[in-house]
Every structure is written in C-alpha cells, then in structure tokens.
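Please work through the exercises below with the sequence and the 3D view side by side, and try each task before you read its solution.

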Amino acid sequence: MLQYLQRIGKAIMLPIAALPVAGILLGVGGSLINIAALENAPAIYQPLIAFVNIPMITIILKIMQGIGDIVFGNLPVLFAVGTAVGLAKQDKGTAALASVFGFLIMNQVISVLLGMGATPLGTLVSGDVPSQYAQYVTTTLGIFTLNMSVFGGIITGIVTSTLHNKYYNIQLPAVIGFFSGSRFVPIVVSLAMAVVGALLAYIWPFVQDAIAVIALFVKNAGPIGTFLYGLIERALIPFGLHHIFYTPFWYGSFVDGQVIIDGTWQTIQGANYAYFAQLGNMQSIVGADANTMSTIVSGTTRFMAGKFPFMMFG
C-alpha cells in the first residue's frame, strides 16, 4: 500500500510540476494589469502604469493572465491525464487519451443523472440550482456536473491506468482483432467510467458533506490547524506521501478560499487556486482592513507559506 501511494504521489506531480509556471504567468499578468486599473494610484506607480498601458504590453499581459486562468480552471482533466500517464507502465499516450474519454463520460453520466433527479440532491440543472446546493455542482469542460475538483481527475486517472496496464496488450479473436491491444483501452475505460460516474452521482454528495466537516474543522482550528497541517506535510516527505496529503488542501475542497474578485466576495475551492485567483485581482483588496486580509489569508497563503522556495529551488 505504501509503495502504491508513493506511485500515486509521483503521478500527480506531473500536472503539479507545470502549475508554478501557470501561476507565474497568471500572477505577473494579472497583478500588472490590476495596477494599471487602480484609481488615484500613487505617483510612484505612474511610470509602471504608463508602461502597462502600451497596447502591445497590455495584450501580452492579458495573454499571460488568460493562460494562467485556463490552466487553473481545468485542473481536474489535467490531473486525470497526469495521473493516468504517471501510473501507466507502457504506451502512456494511449493511457492519456483513454483518461480524457473516461473523464468526459464520467461527468456526462453524472450530468444526466442530476437532470433526472437520480441523485441525493434531487433534480438539478444548470442555471437553476438552489442556493443550498450551489457548492455541490459546477461546470467542467462545459458539462454541468458534481463539484469533485481534482478528486474526479485522480479517480479517473487511477481507474484508467489500472485498466490500461491490464489490457493494453490484449489479443482479441480475429473477427474483432482490429480492437486488440491499445485500441481496446479507450473502449473498456469508457464503459468502466460510465459505471463509476453512476456510482459517484449517488455517493459523492455524501463525500462532499464529509469534506465540508473537514474543511470547517480546518477553518476553525486557527493557528493550531495550520501548525498540524505543516507538521504532517513535512513529516510525510521521507515517505514520499506529502503530495497526496497537500493536494486536497491546495487543489481540492478541503479548503474554501474566500477571496474578493471584482469587488465581490467569492468562494474558490483549493488554497492554491484561490491564491492565484486573488493575485490576478489585487485591485479589489487595495486598502483592505486587517479582518478582510485575515479572511483571505486563512484560505490561501495559510497553507502555502514557504512552499514554493522548497518546491522550486530546494
């Protein structure tokens, strides 16, 4: 079990390793554009604002911000592909393609069941979600589905890699021999993920309730919770399991980050995603009081302090 968890930890590092670059693009592009949008900006900012307002520079910064937004907005499918590729033993390209098939089918099955009222949440359709269920659902790749954050991607990657490692070299009877080997993997993954989607449609709302309890505990634990989080994360490094531990806090729903976007409070799941979302909209917190900043920090940098120097330069 320890070895398998280590393999999963290594697998999810594939998508995680690319996120600092996306974060830098989002942070630099977003923060500079936000400085240019400040009203009554201090005189010291005026040369920088003039530079940012050069049309070509504005376009480049907007592109940088857009790249970061699209990466962080599609983390689940990136984790699905990354986990499948990381755990596949051979023919990793087929595993990657099969994981995309599986991820789309899983979410589409959940979407259909939500619309039919075949889940514990009752009948839910996009654009008509009761406020008490707003955190339970989301839109992923244009599909109205349950909000599984990166867990949905990791589940897809694990199922895909398991089936891929078993069937990538299968030999079928000659009459259907065309589907032998790697061609069989997307087929079996699609069928399996349809079943997984049906199961998750019923099970995941209860999982979300349990995650909400954990998130509330972490939020209310204050400095003690922060200390325990940091202690456990550091202690797991010798075992290679720290990536599994912090992923739900950084990219999942263990943390509900409260941030101010365009002057309005928003809840963004995942401390890392919430952090970069706020970094790309810094003009909204200029002049914010201590209580406001404390609320923002408790769902963002509270779980990230000191991590990037370790991860990028350690």
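The model is a predicted one, in which local features need pLDDT of at least 70 and side-chain atom pairs count only at pLDDT 80 or more, while totals for chains, interfaces and linings use all residues. Residues are numbered from 1 along each chain as its sequence is written, and side-chain values use heavy atoms, with hydrogens and water left out.

**Exercise 1.** Classify the aromatic pair formed by Phe72 and Tyr273.

Solution. A pair of aromatic rings is described by the distance of the centres and the angle of the planes. Rings of Phe, Tyr and Trp (its six-membered ring) pair if their centres lie within 6.5 Å, and planes under 30 degrees apart count as stacked, over 60 as edge-to-face and the rest as tilted. The structure holds 18 such aromatic pairs.

**Exercise 2.** Describe the surroundings of the ring of Phe178.

Solution. Phe178 and Phe179 form an edge-to-face pair, with 5.3 Å between the centres and 85° between the planes. Phe178 is exposed at 54%, and Phe179 is partly exposed at 37%. Arg183 lies over the face of Phe178, at 4.4 Å from the ring centre, where the rule asks for NZ of Lys or CZ of Arg within 6 Å of the ring centre and within 35 degrees of the ring normal.

**Exercise 3.** Decide how α6 is oriented relative to α8.

Solution. The axes of helix α6 (residues 149–167) and helix α8 (residues 242–251) come within 8 Å and cross at roughly 135°; axes are lines fitted to C-alpha atoms, for helices over the stretch in contact, and angles run from 0 to 180 degrees between N-to-C directions. Angles under 35 degrees count as roughly parallel, over 145 as roughly antiparallel, 65 to 115 as roughly perpendicular and the rest as oblique, so α6 is oblique to α8. Contact (heavy atoms within 4.5 Å) is made by Ser149, Val150, Phe151 and Ile154 of α6 and Thr247, Pro248 and Tyr251 of α8.

Key
Buried < 20%, exposed > 50% of the residue type's maximum accessible area, 1.4 Å probe, protein only. Helix = DSSP H or I, 4+ residues; strand = E, 2+ residues; numbered from the N terminus.
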